[in-house]
Amino acid sequence: MFERIDYYAGDPILGLMDKFAADTNPDKVNLGVGVYYDEDGKLPVLECVKTAEQRIADPISPRPYLPMAGLPGHRKGCQELLFGKDAQILQDDLVATIATIGGSGALKVGAEFIHEWFPKSKCYVSDPTWGNHIAIFEGSDVEVGKYPYYDKATSSIKFDEMIAFFETLNKDDVILLHPCCHNPTGMDLTREQWDTVLNVIQARELIPFMDIAYQGFGEDMESDAYAIRKAVDMGLPLFVSNSFSKNLSLYGERVGGLSVVCPTVDETERVFGQLNSTVRRIYSSPPSHGGRVVDIVMNDEALHEQWVGEVYAMRDRIKSMRSKLKSVLEEKISDRNFDYLTEQNGMFSFTGLTPEQVEQLQSKFGIYMVSNSRMCVAGLNSSNIDYVANAMVDVLKD
Ligand SMILES: Cc1[nH+]cc(COP(=O)(O)O)c(/C=N/[C@@H](CC(=O)O)C(=O)O)c1O
């Protein structure tokens with residue numbers, strides 16, 4: 001009956017988690033999946049989340065179905081984080097926002113919506129991008145193309161090529177963008193470059209789809225949303241998928257959001273209705289526990305302030321690991337440029353190691369990076385950074 005079903009080769013990112021768990025090397029280091037680990041190598045529970053959990057636990061309450069769009073407080077939290085508390089588009093009800101099953105769920109609902117209502121649109125992703133971007137859109141029968149983005153040879157962005165490519169695209173083609181903390185390269189556009197990108201998108205009447213999964217890990221909550229808010233200022237139609245997995249450290253609670261900025265209230269209503277309809281036919285409604293944590297943290301002023309401070313502490317620890325690794329490597333290998341480690345933003349660094357060198361790190365040292373040479377810098381800490389640096393020197397010198 002099922003003998004013709006293909007074997008699943010496994011996910012290049014999530015598959016690393018199983019391999020890492022099974023690795024008996026006492027010195028093993030997980031620099032694979034995009035998860036923030038603290039200085040003790042532990043996945044943190046944020047203080048603001050602990051408070052929210054206590055409020056949810058006492059008194060314990062029933063767990064009814066949530067609305068298809070999720071809790072209003074979860075949706076409001078997404079909108080204010082992305083667009084700003086006092087954004088005019090929020091006062092004018094021009095944003096259709098649903099709570100989703102993580103950022104992945106947001107991307108899936110967005111992809112289904114585009115397939116249904118923009119059937120001729122292709123979706124263009126950066127080269128390289130987060131691998132699941134391609135799988136999610138193709139899984140919704142949206143044709144996916146790639147735009148030039150990263151130049152491995154110079155560890156820089158192929159900006160002119162990217163713009164020239166955008167200028168060849170058709171009206172309503174979708175451009176999937178990373179507003180900050182690009183995955184997997186860590187290389188972000190400058191504000192001037194974003195302005196140029198958005199001008200081309202406006203001139204070509206393309207549809208920007210911004211996937212922000214690491215807001216707060218780049219510069220700060222507002223700066224990381226620069227591209228989003230600039231697109232709004234320009235009056236562009238805009239899709240935004242966001243994730244609370246990393247910046248609330250709620251990975252397994254599957255909390256995120258999908259927002260669509262519309263030109264009129266009537267269009268917002270139409271879009272909101274179809275987003276609900278799309279949710280209903282995929283997973284019906286989002287999980288309540290994570291939604292309640294988001295609602296409480298985002299809408300309680302004191303908890304929100306505490307949360308921002310906790311995100312910046314995570315950001316700063318990652319930045320300190322970047323500069324520490326850079327200086328250790330520079331000491332040991334004088335003829336190789338490691339500037340990329342501190343030029344790149346967010347959790348990831350594209351190390352430029354060859355697949356063979358990545359494999360050697362894993363087999364010889366129990367150090368896990370994604371095969372495309374992406375390293376999750378958040379897996380580094382003071383007790384493993386020298387070990388990782390020495391191992392990188394070893395494989396780089398072979
Ligand atoms: C850019 C981006 N967008 C969306 C997601 C999905 O987030 P979630 O809210 O958990 O559904 C991830 C997850 N990235 C990390 C984990 C993964 O691959 O699923 C990663 O790149 O390691 C992203 O890196």
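1. R317 and E39 form a salt bridge, with their closest N and O atoms 3.2 Å apart; the term means a side-chain nitrogen of Lys or Arg within 4 Å of a carboxyl oxygen of Asp or Glu. R317 sits in helix α12 (residues 301-332) and E39 in the loop between β1 (29-30) and α2 (47-57), so the pair ties together parts that are 278 residues apart in sequence. Helices (H or I, at least four residues) and strands (E, at least two) are DSSP runs, numbered from the N terminus. R317 is buried, at 10% relative accessible area, whereas E39 is partly exposed, at 31%. Buried means under 20% relative accessible area, exposed over 50%, and partly exposed in between (1.4 Å probe, protein chains only).

2. This is a predicted model: local features need pLDDT of at least 70 and side-chain atom pairs count only at pLDDT 80 or more, while totals for chains, interfaces and linings use all residues. Residues are numbered from 1 along each chain as its sequence is written, and side-chain values use heavy atoms, with hydrogens and water left out.

3. The salt bridge count comes to 17. One of them joins the side chains of K50 and E47 (2.8 Å, N to O). Both residues lie in helix α2, 3 residues apart, about one turn of the helix. K50 is partly exposed, at 35%, and E47 is partly exposed, at 37%.

4. E80 forms a salt bridge with K85, the closest N and O atoms being 3.3 Å apart. E80 counts as buried at 18% relative accessibility, but K85 is exposed at 55%. Elsewhere, salt bridges that share partners link K108, E112, E116 and R281 into one network.

5. The largest pocket holds about 880 Å³ of space. Among its 43 lining residues, I13, L14, W130, N132 and N183 are the closest to its centre. Helix α6 gives the largest share of the lining, 5 residues. On a 1 Å grid over the protein atoms alone, a pocket is an open set of points with protein on both sides within 12 Å along at least five of seven lines, a cavity is a set where a 1.4 Å probe fits but cannot get out, and lining residues have an atom within 4 Å of a point. A volume is the space filled by probe spheres set on the points, which are joined across faces, edges and corners.

6. The whole structure has 1 cavity of 30 Å³ or more. The largest cavity has a volume of about 50 Å³, and its lining includes Y147, M162 and W194.
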